[in-house]
Amino acid sequence: MELTATELWSRILQMVQAGLPEQAFRTWFAGTTAVALSNRELLVEVSNDFHAEWIEDRYGTLLEKAAARVVGRPLSISFLPGESPPLPQLPTVDLTDSLGPLQTTADPRLSPSPTRPNPGLNRRYTFERFVVGGDNQLAAAAASAVAKKPALLYNPLFLYGGVGLGKTHLMHAIGNAILDSDPSKKVAYAPSEQFMNELVTAIQEGTTAAFRHRYRRMDLLLIDDVHFLKGKEATQEEFFHTFNALYDAHKQIVLTSDRPPKEIPGLEERLISRFQWGLVADIKAPNYETRVAILRKKAADDSLTLDAEVIDFIARSCTSSVRELEGAIIKLLAYSSLKNLEISISMAKTALQGELGSRVSGGTPGITPERIQEAVAKGWGIQSAALSSKRRTKDLTVPRQVAMYLIRELLNLPLVQIGNLFGGRDHSTVIHSIRKVEETVVVDPSFERKVQALKDELSRLV
Ligand code: ADP
Ligand code: MG
């Protein structure tokens, strides 16, 4: 029997589907695609890092068991975020008796062509995925014009606006569009800090000539967040010459910043003036209509069903940035999967209430993350500061997990924020911790009592 990666993956999914709630299945598996298969490994592409970690963590074992049943031998399954660099070439080897010759799937969208360079662009940041509204119209139109006619219309294109409003997305969209129409184009994307770090290394290693050559031979140079160049004189000097070289050679330059050029403190006059040579366009926070349109689009892209009431609720609650809207969706998905609940308006209200509550009332009086950490540390006889340390010994991991769990339960803070309270841990670690506690309280009564006692004690603080 011959199975392609796609066929194998669809059989595995058929096997696990029956045992999972429908919403969870759709949420985590609808957008997945098998991209390659070898005799030891199946590679599956998912939407992003968060998705990859989540699926691996929560469903990895289940999926591998199903895979072993289909192919009759152990097979590991790896998940790759869609924006990852080109896929490693897996050898296509025979799975002999059970499966016959194996192939990689030949979906041109997923197997990046060998000639397409990887200048560090996120393939998901395209114009198609960018929702245009009154607040970003000029920036989006200018970006799209630049992608169609590089170096002819607006050079440089300078986009500015607050955090999470789509500057990086538009910048990558220009690069992706230009490479799509001509893969031989030389495109470089670098956050300004990366440009600076590379320069510093080049100076240390005596390779500045190579550094210069690398940037000055580009057809399109994308430098993100140039406000970080403030006060970095040597980098500004180098950038000034790179800018001139590219500009004189009629190559397109695109820059982003959190503010307009003349408001960047510590930026040399000559750079400010060059940054204004082309078009300076701002992006504002999305208004209600744009927020609704973005939520609809994100839901559709992720095959997620959100009814109008839920969309309206999120759009009214998350007003500051597109990133915040995305965070709300991720939170709903995580909540729905953790609690095995379908996404509904009441569920959305519960899941998002922490953020809204704290915004409206200025935070829950009495209970703070620090007090929760202290109470847990005391309960386990450790120092509160150790909870944020990198050490992962058992005496620390359990109270750390409990503290994360209680902060989530009692304050409903965003996962990312909880991770930050514990020495910058990843939000997927936070999800894992919360789940661990939820599982342990079910099987270990003394642990359950201890956690409950802490919860009661903390709730009395209000
Ligand atoms: P910035 O660079 O301005 O801080 P990003 O470009 O990183 O913001 O955008 C934050 C997130 O919001 C990204 O995931 C991006 O895809 C998404 N996003 C921003 N604006 C839009 C938009 N208009 N339509 C769709 N997604 C958007
Ligand atoms: Mg950005």
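On a 1 Å grid over the protein atoms alone, a pocket is an open set of points with protein on both sides within 12 Å along at least five of seven lines. A molecule sits in one if more than half of its atoms lie within 2 Å of its grid points. This is a predicted model, where local features need pLDDT of at least 70, side-chain atom pairs count only at pLDDT 80 or more, and totals for linings use all residues. Residues are numbered from 1 along each chain as its sequence is written, and side-chain values use heavy atoms.

Start by selecting ligand 1, which sits in the second largest pocket. Helices H6 (167-181), H11 (288-301) and H13 (322-338) are the elements that give two or more residues to its shell (helices being DSSP runs of H or I, at least four residues).

Now show what surrounds the ligand: 18 residues, each with a heavy atom within 4 Å. Gly164, Lys167, Thr168, His169 and Glu326 are the closest.

Last stop: Asn122, in the loop between helix H4 (96-99) and helix H5 (137-148). Asn122 counts as buried because its relative accessibility is 12%, and buried means under 20% (1.4 Å probe, protein chains only). A polar atom of the Asn122 side chain lies 2.8 Å from the backbone nitrogen of Arg124.

Conventions. Chains are lettered from A and ligands numbered from 1 in the order in which they are written. On a 1 Å grid over the protein atoms alone, a cavity is a set of points where a 1.4 Å probe fits but cannot get out, and a pocket is an open set with protein on both sides within 12 Å along at least five of seven lines; lining residues have an atom within 4 Å of a point. Buried means under 20% relative accessible area, exposed over 50%, partly exposed in between (1.4 Å probe, protein chains only). A polar contact is a pair of N or O atoms within 3.5 Å; within protein, one must be able to donate a hydrogen and the other to accept it, and residues adjacent in sequence count only if both atoms are side-chain atoms.
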